[in-house]
Amino acid sequence: MARSVSTNIVKGFHRLVSLSAMWSIRHPIYSVSSRSPSVRSMAVLPLPFFKPRDFSLPNSTWGTEMMQLYDHYNSMCEVETADGEKQEGKWKRMPGYNRLLKYATGGVYLSKMMQSKARLFTRNIREPGAAFEYVLFINSEEQKCVGILQSGHLLEGPPGHVHGGAIATMIDTVTGCLASLSGSVMTANLNINYRSPIPLGTTVVMESCVEKLEGRKKFISCKVTSADGSKLHTEATALFLQISLNNLILGR
């Protein structure tokens with residue numbers, strides 16, 4: 001009986017996703033389709049669904065470096081042609097909701113049905129600026145993902161510095177977003193070398209790129225640097241495996 005109910009939920013979930021070509025669920029942690037439009041298009045979600053909060057948009061806690069980097073990459077998401085018209089650039093800003101299901105049309109409603117209290121680990125703190133303040137930008141043509149992170153006071157490990165586990169979480173988030181561009185994936189391996197500690201409250205840049213593809217395997221590298229790129233904080237490599245989203249939801 002439980003499996004029958006789960007199957008019906010998944011079928012209903014697929015029907016909801018197919019209602020719109022705008023959004024598609026890819027990564028079990030964090031991702032949307034590489035062809036997703038800008039966040040402004042979320043306004044066309046059909047009734048009775050409403051627009052969920054996008055945590056990747058600037059708020060009052062973002063510092064100067066965070067805003068400068070955001071403006072830099074966001075400016076490349078839309079370019080102006082010689083005729084003065086606006087068109088999509090090579091980069092796309094990834095919206096950041098507090099649950100994976102909310103990426104799909106109708107997902108807000110479905111999120112209330114399936115483990116309604118569940119929240120994305122990096123988006124579960126209500127206080128702005130207290131933990132993970134970040135935004136991701138994807139360049140699908142060049143197979144790159146850039147994450148801009150401002151770490152809050154709740155991420156402390158060594159006194160005054162970011163916990164190594166919080167850094168690993170964000171590396172997994174950035175590389176996972178990139179790995180999921182062509183389908184659902186799960187992290188198989190994450191290898192991290194910590195070079196220098198990150199002071200709490202500072203802004204860092206996390207740059208990842210695809211190194212190699214082997215069947216279901218995706219090998220991705222990532223480096224974490226200071227906002228101006230002068231200091232290397234962390235280097236990492238990640239291995240992701242393509243999976244079936246149906247199997248993940250059904251617990252197979």
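**Figure 1. Contacts of I171 in the predicted model.** Leaving aside neighbours within four places in sequence, I171 is in contact (heavy atoms within 4.5 Å) with L190, I192, M206, C222, V224, T234 and A236. The model is predicted, so local features need pLDDT of at least 70 and side-chain atom pairs count only at pLDDT 80 or more, while totals for chains, interfaces and linings use all residues. Residues are numbered from 1 along each chain as its sequence is written, and side-chain values use heavy atoms, with hydrogens and water left out.

**Figure 2. The largest nonpolar core.** A nonpolar core is a set of buried Ala, Val, Leu, Ile, Met, Phe, Trp, Tyr and Cys residues joined through side-chain atoms within 4.5 Å. Buried means under 20% relative accessible area, exposed over 50%, and partly exposed in between (1.4 Å probe, protein chains only). The largest such core has 32 residues, of which F132, I171 and M206 touch the most other members. At least two residues each come from β4 (132–139), β5 (144–151), α4 (164–179), β6 (185–194), β7 (203–214), β8 (217–226) and β9 (232–242). Helices (H or I, at least four residues) and strands (E, at least two) are DSSP runs, numbered from the N terminus. The most residues, nine, are given by α4.

**Figure 3. S180 in the loop between α4 and β6****.** S180 is buried, at a relative accessible area of 0%. A polar atom of the S180 side chain lies 2.8 Å from the backbone oxygen of C177.

**Figure 4. The salt bridge between D54 and R93****.** A salt bridge is a side-chain nitrogen of Lys or Arg within 4 Å of a carboxyl oxygen of Asp or Glu. The structure holds six of these salt bridges. In this one, the N to O distance is 3.1 Å. D54 is in the loop between α1 (2–18) and α2 (64–74), and R93 is in strand β3 (residues 92–94), so that the pair links distant parts of the chain, 39 residues apart. Both D54 and R93 are buried.

**Figure 5. The salt bridge between E235 and R195****.** The N to O distance is 2.9 Å. This pair links distant parts of the chain, 40 residues apart, with E235 in strand β9 and R195 in the loop between β6 and β7. E235 is partly exposed, with a relative accessible area of 31%.

**Figure 6. The salt bridge between K212 and E214****.** The side chains meet at 3.3 Å, N to O. K212 is partly exposed at 41% relative accessibility, and E214 is partly exposed at 38%.

Key. A polar contact is a pair of N or O atoms within 3.5 Å; within protein, one must be able to donate a hydrogen and the other to accept it, and residues adjacent in sequence count only if both atoms are side-chain atoms.
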